[in-house]
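Here's a quick briefing to keep beside the viewer. Have a look at the fold, then work through the notes below by topic.

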Amino acid sequence: MSQASSKSSMLLLQTKLAHPQLPLALVPRERLLRDLDAVSAHRLTLLSASAGSGKTTLLSTWAIHMRSSARKVAWLSLDEWDNDPIRFWASVIAALRTYLPAVGEDALHMLSTPQPAPIQAILTTLINEILEQGSEITLVLDDYQMIEDQAIHEALTFLLDHLPVNLHLVLASRIDPDLPLSRWRMRGQMLEIRDPDLCFTQEEATSFLVQAPGFPFSVEEVNLLQDRTQGWIAGLQLATLALRRREDRATFLQTFTGGHRYLMDYIQQEVLKQQPLPLQQFLLQVAVLPRMNADLCLAVTDEPRSQEFLEVLERNNLFLIPLDEERRWYRLHDLFREVLLARLQATQHELLPVLHLRAARWYEEHDALREAIAHALQAGDFVYAALLMERAAEHMWQSGEVKTMHSWIKMLPEAVLRVHARIALTTMLNLLRSTQYSPEKQRTKVMAQVDEIIVRVEQASQCKDHATLPEQDATWLTQHIRLLRLISAIQPAFLAGDAEQLERIALEILALIGKEEADWKVFATYSLMVSYEIQGKLASLLPYLEQETQEYDLSRNYHMAFTARGRLAGAYLSTGLLRQARKTYLEMLDLFASRPNIALEEAAVGYVYLGLAMLSYEWNQLEEVDAWYQKLLPLAQVSQNMHLRIRETSNRVHFATRMGDIPKAEAALKEFESLVQDHRYATYRSTIISQRIEIWLAQGNLAEASNWAADTDLNFQELAVTRELEYVALARVYRAQRKYTEAWHLLERMRTRTESDQRGSDLISILALQVVVLQEWGETEQARKLALRLLTETAQEGYVRVYLEAGEPMKQVLQSCLDAPQDEEQSRFAASRTYVSTLLAAFEQEQPRAQRRDAFPVPPQQILAQVPYNTSADAAAALIEPLSPQERRVLRLLVAGRSNPEIASALVVSVNTVKTHLQSMYRKMGVTNRVEASAAARSLHLL
């Protein structure tokens with residue numbers, strides 16, 4: 001969607017964000033305004049009453065009263081187009097921002113991504129932002145009966161259950177909304193105003209009728225009308241309109257019922273007939289428009305007096321509601337509009353598509369493509385609608401509105417679907433991507449929706465009634481239907497851990513796609529990477545992943561460049577290339593910060609935080625683990641991305657176990673097991689077993705661990721890669737049982753294979769366990785020699801935690817490496833002596849840490865207070881000029897991935913001050929940007 005389109009959409013949105021203007025004749029309703037003054041004492045205020053009962057007018061009057069007393073009242077008028085959750089919540093945030101402009105930026109970003117975060121996470125962010133503002137605000141949602149989407153009802157329930165104390169919600173609806181009203185009613189959290197409250201009293205009816213243009217009413221007539229209408233405002237208004245040209249007023253008043261079921265007859269017979277024919281026709285035609293201005297009315301009706309007619313309708317109180325102070329935008333009263341549409345359908349049904357088509361053309365000219373598509377579909381011009389969809393598609397996909405695109409495509413007939421199959425199939429691709437890691441129920445629903453469209457496209461393409469497609473289009477269609485079926489098969493294969501199937505799928509996708517089809521290729525790379533990871537061959541895929549990243553960089557496809565870097569960083573981490581992994585993760589954060597318009601899933605950033613937490617843990621930078629987890633947890637804990645949730649929870653088990661916090665480890669393991677079971681992630685079952693055994697061993701529960709070892713069904717001939725964690729767990733049990741021979745032989749076979757597969761991270765873990773086994777076995781010299789090999793593998797990447805987790809036996813071996821006499825092997829080891837000294841120093845600091853039971857996450861303010869800054873002479877000497885203490889604090893937060901505003905908030909300084917510190921740091925460190933500064937901080941040991 002173009003920039004002009006965005007501006008037009010915003011212009012249309014503005015008409016929904018202002019309360020309708022008050023009618024020229026207004027009846028004072030002080031009793032109801034006093035009732036509404038209690039809004040601030042309730043979580044929810046509900047105005048539930050029939051059409052024409054005066055809900056909107058009352059709320060508009062109250063909003064004006066509140067603003068005159070400096071109270072903030074945000075307004076949102078809803079319509080049928082708001083039944084998309086993304087559009088609904090974006091509109092709600094826009095309404096709130098009319099008075100709290102600082103609210104909702106993060107929530108809007110979370111909404112406007114191809115795979116929006118779960119609405120609970122978005123609303124949690126919004127709630128926190130509203131709380132931080134402190135200012136009290138009331139949000140009015142008018143015409144809530146227009147909302148039928150269950151997901152919106154559920155999300156609104158979540159908001160109301162967690163409503164910040166400074167936000168109050170007012171709903172105006174013709175019907176009771178599908179919300180747990182009884183619960184809030186029982187708790188005294190809801191104020192209700194209903195039909196009996198809104199009905200005019202005798203005094204109010206008199207006041208209303210006295211203001212009726214044309215003639216006065218007697219007391220008897222007022223009483224009779226009040227009795228006939230039972231105070232229903234629309235009925236009174238209707239009666240005054242019908243009476244204007246009647247001479248037999250007494251007869252009319254005796255027969256007038258004022259009931260809702262007679263409304264259509266009265267409007268048709270008594271209201272429309274009283275208007276000049278041109279105005280009658282104008283009313284019928286503009287009824288197709290939910291909102292209108294003179295220019296739009298002119299385009300739809302071809303009536304040059306459109307502005308004049310709108311003014312006449314408002315002046316004569318003919319159910320026209322102004323939407324802005326300038327009185328340029330209007331809407332018809334819903335009840336009146338429905339009657340007009342029914343009349344138009346009954347008398348001039350052939351005109352309906354013409355009117356909708358004219359509206360679509362006007363909206364297209366004003367770059368409001370969503371509204372144009374809606375009218376084109378209602379006009380039945382599906383070819384035109386499909387062409388508009390193709391223009392709007394990219395914006396819709398990137399803003400997370402793929403479900404709306406899907407609903408539009410479902411409406412296209414086969415003949416149109418066949419010609420526009422590209423947009424249909426690409427939308428299905430984005431629909432699959434949006435739910436790739438979603439809960440099973442949601443994923444299953446989407447798979448069925450995708451399959452339905454595929455079948456329809458296939459049937460349309462094979463229909464003999466249609467002209468033959470050009471060969472190129474027919475080939476594309478066949479290939480991409482096959483591609484969608486292949487992509488649909490990836491997730492089931494992943495859940496089953498079927499590496500061979502995943503590799504076959506990936507290779508076939510790569511054979512089918514064109515060079516420019518990055519959106520399709522991403523699935524092939526994902527499938528290939530998972531397959532190689534399961535098979536333990538991920539290192540061999542690194543050249544492919546590096547080349548792919550370079551290609552996306554050259555093409556300036558920043559979204560795909562970010563995604564490719566995420567896969568590459570994960571591969572670096574898995575193969576033991578820690579520094580390359582961190583460099584790549586920091587590049588991702590820098591790309592994310594420098595390209596705010598990249599539409600990224602929140603989960604994608606969550607993977608970055610998780611990777612950086614894992615790296616920080618390997619380097620024993622536990623404060624940084626805390627910092628990254630502080631960013632990760634809000635995303636992962638409520639994420640609809642089950643893969644991210646599972647990985648985060650698994651790592652939490654690992655961290656807590658190794659830090660000695662067994663209660664936290666057991667709680668996290670229970671959560672991990674539940675996630676894996678609920679969402680059928682078979683590939684993590686081995687992880688669950690190994691982590692359960694680690695907890696037993698950490699507890700000293702050797703009996704349970706030994707029982708498992710005795711009963712395990714592990715195949716010692718094959719050593720399946722998919723169950724490698726269980727083999728490592730078995731070796732740990734053997735060690736605890738002092739079965740050193742069995743432990744050694746099992747580990748030696750595993751070491752051989754990990755070396756062959758170039759799985760650096762796994763190799764390091766196995767070597768560390770082998771060193772400990774040898775040391776406890778009494779083979780101290782062999783343990784020392786193997787430790788030298790381990791140090792060679794880890795020194796360049798700076799591993800620390802793998803040594804600390806090996807415990808006292810490893811510390812003894814490292815000390816022996818320093819104490820041993822010099823020989824040829826020791827000479828080669830000389831370069832690592834500083835590294836060993838660093839590791840031994842870490843052992844000395846480890847004991848106090850082991851007593852911690854509140855290990856991460858901790859609040860960021862605590863992290864800052866705990867950070868020990870390195871002031872070594874070596875680090876200072878490497879700089880042009882030493883960093884000041886405040887610059888070191890800024891550097892620490894920069895490396896932790898904080899933005900400039902976040903750094904400013906943490907240090908209680910302005911953003912400009914942060915920028916000044918950054919410029920000074922860059923100069924002293926000889927760097928030019930955040931990524932280079934982070935790398936230099938590591939290499940110079942400034943942290």
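Of the contacts in the protein chain (heavy atoms within 4.5 Å) between residues at least 6 apart in sequence, 70% join residues at least 24 apart. Bear in mind that this is a predicted model: local features need pLDDT of at least 70, side-chain atom pairs count only at pLDDT 80 or more, and totals for chains, interfaces and linings use all residues. Residues are numbered from 1 along each chain as its sequence is written, and side-chain values use heavy atoms, with hydrogens and water left out.

**Whole chain**
- The protein chain has 52 helices and 7 strands, taken as DSSP runs numbered from the N terminus (helices are H or I with at least four residues, strands are E with at least two).
- Of its 943 residues, 56% are buried; buried means under 20% relative accessible area, exposed over 50%, and partly exposed in between (1.4 Å probe, protein chains only).

**Nonpolar cores**
- The largest nonpolar core holds 188 residues, and Tyr803 and Met810 have the most contacts inside it. Helix H29 (residues 518–535) gives the most to this core, with 11 residues.
- A core here is a set of buried Ala, Val, Leu, Ile, Met, Phe, Trp, Tyr and Cys residues joined through side-chain atoms within 4.5 Å.
- Leaving aside residues up to four places away in sequence, Met810 touches Ala768, Val771, Val772, Leu790, Tyr803 and Phe843. Apart from this core lies another one of 44 residues, among them Ala107, Leu141, Leu163 and Leu179.

**Helix H37 and its surroundings**
- H37 (residues 685–699) has 15 residues and reaches 21 Å from its first C-alpha to its last, close to the 21 Å expected at 1.5 Å a residue; that expected span is 1.5 Å times one less than the number of residues.
- Its buried residues include Ile688, Ile693, Ile695 and Trp696, and also Ser686, Gln691 and Glu694.
- The buried residues of H37 pack against helices H35 (642–658), H36 (662–679), H38 (702–711) and H39 (724–736).
- Just after H37, Gly700 takes a positive phi of about 80°.
- Over in H36 you'll find Ala668, which counts as buried because its relative accessible area is 2%.
- Ala668 touches Thr649, Arg652 and Val653, not counting residues up to four places away in sequence. The C-alpha atoms of Ala668 and Ser650 are separated by 7.5 Å, with the two residues 18 apart along the chain.

**H4 against H7**
- Helix H4 (residues 85–97) and helix H7 (residues 150–161) pack at an angle of about 35°, with their axes 10 Å apart.
- Axes are lines fitted to C-alpha atoms, for helices over the stretch in contact, and angles run from 0 to 180 degrees between N-to-C directions.
- Pro85, Phe88 and Trp89 of H4 make the contact with Ala151, Ile152, Ala155, Leu156 and Leu159 of H7.

- Most residues other than glycine have a negative phi.
- Asp302 is not a glycine, yet it has a positive phi of about 60°. Asp302 lies in the loop between helices H16 (294–301) and H17 (306–315), and counts as exposed because its relative accessibility is 60%.
- Asp367 also isn't a glycine and has a positive phi of about 60°; its loop runs between helices H19 (352–365) and H20 (369–379).
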